[in-house]
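Hi everyone, thanks for coming. Let me put the sequence and the model up on the screen, and then we can walk through a few places together.

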Amino acid sequence: MCRDLSDFGSSIRAGSQNPNVFHHYPLPMDLGRDPIPELIRKLAIPASLGFFFNTMFNVVDTFYAGQLSTLALAALSFSMTPFLGFLALGIGLGQASNALIGNEQGAGNRKQASHLAAQSASLGMIAGFLGLAAGWNLLDPLYRFMGAEGEFLIVALDYMEVLVLVVPALVLSYAFNGMLNSQGDTRSLRDSMIAGFLVNLLLDPLFMYGWGPIPGQGVKGVAWATVIIQYGIAVFMGIRVMRTRLAEEWEWNMIIPRLSLQISLLRQSVPATLNFFMLSVGFYVILEAVTEFGEDAVAAYGIGTRIEQMIMLLTVGLNISTLSITSFNFGAKQYARVRQVYHLCLLYGISMMVLGSLLLRFSAEFWIGLFSDSPEVVIQGVHFLRIEALVLPTYVILFMGTSVLQGLKKPEYALFLNIYRLVLGPLLLFWFLIEIQGWGIDGIWWGIFWVNWIGVLLNLSLVHYFLPKDE
């Protein structure tokens, strides 16, 4: 067994000369030299597949909870608000790690990149345990504030008080994923998500109903399955990081928090965390406005957004490709490659979303009908999707712009834009179109249209301003 991480790194260096050591782990691609279209393909496809299976993981949980009771299903839905907050911590740190480590690697500062990776792991542990402590202390008052009471409050807390144990593993997994993405590895997350999905198919019913010495735990069992799988994913991702060049110069003392590096990571991760959190705030703003028009409208909006999100999964890999390739080449001062990856990913993403828009526009009734047989829900859902089909390309432009700004170490500008797009813009436009113009629920759908297209103009202007030119 290796005495310390530097010994482990030495074994990796030996492995570069001995093909029998770690031969199963593929060498990272060259983000600074390989052709951009090839890099995008190799990064984007595994990443999109990984997030698809992550979505399917949640579908499995929802399916099994539905077999228990309506209360169990509602408990899972209610958990989304705190869980998104925990997820935001991980995503923010993962994107910060990708951007900063990628910049240092591109600049040839291998030692600094390794030190940042160690500090990212350290910050991940700190943030994870702080999130766990906050969850334990705030869940009960948060759920009561959100209106949970009686038997539902008991069931919801039963589920979430177990699920909150996942926070340290969740944050560390995303930190490790950011380190891997910065080296061109999106396959590790894909592999872990596929394995997690398959194991979840077995663990959910095992812990829910029990078997042999394992007692049935109802909705708690769904949470325990998630916790066990996520810790397994964290260990797997950590092992993958240890088999990369980043770990070659690691020593145990490098994980001790260093204020300057921790601050650098926080400056990059906090805006990214808030960016993700703003998505849930924006969803809440729209949902509150839709609620005024009744349950059918809420159901139509909920179904429509789920259909839309499934189409958007196709572009998740492009966002990761943009961030990973941009951060490395910005550090290497290869600005032409930065511009090329941004423009190519935009082209690919917009092309996919145009096809998705046509699909929504001309088969909206079929898709809504798969989820509801209520005539009113179908009518309202079809109307929403046909307008949303005109909005779909904006999401690619906006998300790609956010990724390139993150890679250029300008994440705060994307945050300012999202505050407009997800909160201030909708509140103002919904009020104007509904109250002043009298458009009814159409004021919400067209408000989303105008907010996003105005956001696109602002986004393109920001990216054009910050996108580096050749020296």
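Let's begin at L287, which is partly exposed, because its relative accessible area is 26%; the classes here are buried under 20%, exposed over 50% and partly exposed in between, with a 1.4 Å probe and protein chains only. You will find L287 in helix α10, residues 259–291. Helices here are DSSP runs of H or I with at least four residues, strands are runs of E with at least two, and both are numbered from the N terminus. Leaving out residues up to four places away in sequence, L287 touches V298 and Y301, where a contact means heavy atoms within 4.5 Å.

Before I go further, a word on the ground rules: this is a predicted model, in which local features need pLDDT of at least 70 and side-chain atom pairs count only at pLDDT 80 or more, while totals for chains, interfaces and linings use all residues. Residues are numbered from 1 along each chain as its sequence is written, and side-chain values use heavy atoms, with hydrogens and water left out.

Now, from L287 over to I444: the two are 157 residues apart in sequence, and their C-alpha atoms are 9.9 Å apart in space. I444 sits in helix α16. Is I444 buried or exposed? It counts as buried, because its relative accessibility is 0%. And which residues does I444 touch, if we skip those up to four places away in sequence? They are I286, A289, V290, F293, F430 and I434. For contrast in sequence terms, take I444 and S403: they are 41 residues apart along the chain, with 27 Å between their C-alpha atoms.

Helix α16, residues 442–466, also turns up around α13: the cover over the buried residues of α13 includes α11, α12, α14 and α16. Those buried residues of α13 are V377, V378, Q380, G381, V382, F384, L385, I387 and E388. Helix α13 itself runs over residues 375–388, 14 residues in total, and spans 20 Å from first to last C-alpha, close to the 20 Å expected at 1.5 Å a residue. That expectation is 1.5 Å times one less than the number of residues.

Let's turn to α6, residues 150–163. Its 14 residues should span 20 Å at 1.5 Å a residue, and its end C-alpha atoms are 20 Å apart, so the two agree. On the buried list for α6 we have F152, L153, V155, A156, L157, Y159, M160, V162 and L163.

Next, two lysines in loops. K333 lies between α11 (295–331) and α12 (335–371), and its phi is near 60 degrees, a positive value in a residue other than glycine. K333 counts as exposed because its relative accessibility is 54%. K409 is in the loop between α14 (392–407) and α15 (411–436). Its phi is also positive, about 60 degrees, although K409 is not a glycine. At 37% relative accessibility, K409 counts as partly exposed.

One more loop residue: R245, between α9 (219–242) and α10. It is partly exposed, because its relative accessibility is 46%.

Finally, let's zoom out. The protein has 16 helices and 2 strands. With 471 residues, a compact globule would have a radius of gyration near 23 Å, and the protein has 23 Å, so that agrees; the radius is taken over C-alpha atoms, and the rule is 2.2 Å times the number of residues to the power 0.38. The C-alpha atoms fill a box of roughly 65 × 65 × 40 Å along the principal axes. Of the 471 residues, 54% count as buried. Among contacts with a separation of 6 or more, 82% come from residues 24 or more positions apart.
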